[in-house]
Amino acid sequence: MTPDLYTRADSAAAFILSQTKLRPRIGLVLGSGLGSFADDLAEAVRIPFTQIPSFPRSTAIGHAGQLVVGKSGEVPVAVMQGRVHLYEGYSAAEVAFPTRVLGRMGIGALILTNAAGGINVEYGQGALVILRDHINLQGQNPLTGANDDRFGPRFPDMTYTYAKRYRVIALEEAKNLKIPPREGVYAALLGPSYETPAEIRYLRTIGADLVGMSTTPEAIAARHMGINVLAISCVTNMAAGILDQPLNHEEVLDVGRRVMGQFIALLRAVLPRIAGELQMSRK
Ligand code: HPA
């Protein structure tokens, strides 16, 4: 019999922790084109996803597919350089498995990042946007099936999915860095086809500012485990139909690379403050 999800997450966490002396309290997931934050961490240990027991393998272009444990300044972090998506054929529980593992490693805060299409026309290409909330339209949820109470409750609250305090910190630090402080609601779709212009008009009507194909399974699994979440989108393109031109993945990756400096600066500024919050609350 295969061990249950909790036992598998525990084994993967133990394996990762056996490779490093660091004990990170903050996890990060780096989205498409945003991976280079993990390139210059101190005391870094890099573990390909393929070496971690039970870990799903990333097949998306622009995702390196490794876990990096290292230090950003003085803050130890566990960084997923790449993630898997539902559109690759994984179940929502599999997509959220790395989040489960980070949780079992002892993290209290998770920073999710992604490339997204901008629906709100006040955003421009390259804008960094802090998520205020999400709308899960993926038709799947990582918590379906029998609930394991060791992770969390059957019906977890999602009122405070994106921690207010972390959003305030991110907006303050954006302002300090002269990055326009923006917040928005992220609509998660299954993909992998981009949206139609009619779908984008619909998403705007229901209150979405951004659209993407990731982040919500991880955010839901994290909240299930009582982990606080901050999420940051990079608007790599205006969503379909806003400009009279087709969307393409190369552009998504290019824009991510172009704003990398700002993006890394924002993460570096936010991390010590979130570490401070965790210490205060001893979460
Ligand atoms: N739609 C969905 N996902 C995306 C987009 C988009 O326009 N851009 C980057 N990821």
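1. Let's start with Gly126, which sits in the loop between β5 and β6 (128–136). Please keep in mind throughout that this is a predicted model. Is Gly126 buried or exposed? Its relative accessibility is 12%, and because buried means under 20%, Gly126 counts as buried.

2. It is worth looking at what surrounds this glycine. Leaving aside residues up to four places away in sequence, Gly126 touches Val235, Val255 and Val259.

3. Next, turn to the largest pocket, which holds about 340 Å³ of space. Its lining is made up of 23 residues, and those nearest the centre are Ser32, Ala115, Tyr194, Met213 and His249.

4. Which elements supply at least two residues each to the lining of the largest pocket? They are β5 (109–118), β8 (210–212), β9 (228–238) and α7 (249–258). Of the contributions to this lining, the largest share is that of β5, with four residues. Sorted by class, the lining has 10 nonpolar, 11 polar and two charged residues.

5. The second largest pocket contains about 200 Å³ of space. It is lined by 13 residues, and Leu5, Pro142, Thr144, Ala146 and Asp148 are the closest to its centre. Here the classes come out as six nonpolar, four polar and three charged residues.

6. Leu5 leads us on to a helix pair, as this residue is also one of those in α1 that meet α3. Helix α1 covers residues 5–17 and helix α3 covers residues 97–105. How do the two pack, in angle and in distance between axes? The angle is about 65°, and the axes are 8 Å apart. The crossing of α1 past α3 is right-handed.

7. To see that contact residue by residue, begin on the α1 side with Leu5, Tyr6, Arg8, Ala9, Asp10, Ala12, Ala13, Ile16 and Leu17. On the α3 side, their partners are Phe97, Arg100, Val101, Arg104 and Met105. Taken by class, the contact of α1 with α3 has 10 nonpolar residues, four charged ones and no polar ones.

8. Now for some backbone details. Most residues other than glycine have a negative phi, and most peptide bonds are trans. With that in mind, have a look at the bond that joins Gly191 and Pro192: this peptide bond is cis, with omega at about 0°. Pro192 belongs to the loop between β7 (183–188) and α5 (197–205).

9. Glu43 also deserves a glance, with a positive phi near 50° in a residue other than glycine. This residue lies in strand β2, which spans residues 42–48. Glu43 has a relative accessible area of 53%, and since exposed means over 50%, Glu43 is exposed.

10. Finally, Ser54 has a positive phi too, near 70°, and it is likewise a residue other than glycine. You will find Ser54 in the loop between β2 and β3 (66–72).

Methods
Residues numbered from 1 in each chain as written. Predicted model: local features only at pLDDT ≥ 70, side-chain atom pairs only at ≥ 80, totals over all residues. Heavy atoms only, no water. Axes fitted to C-alpha atoms, helices over the stretch in contact; angles between N-to-C directions. Left-handed = near helix turned anticlockwise from the far one by under 90°. Contact = heavy atoms within 4.5 Å. Nonpolar A, V, L, I, M, F, W, Y, C, P; charged D, E, K, R; others polar. 1 Å grid on protein atoms, 1.4 Å probe; cavity = no way out; pocket = protein on both sides within 12 Å on 5 of 7 lines; lining within 4 Å. Points joined across faces, edges and corners; volume = space filled by probe spheres on them. Buried < 20%, exposed > 50% of the residue type's maximum accessible area, 1.4 Å probe, protein only.
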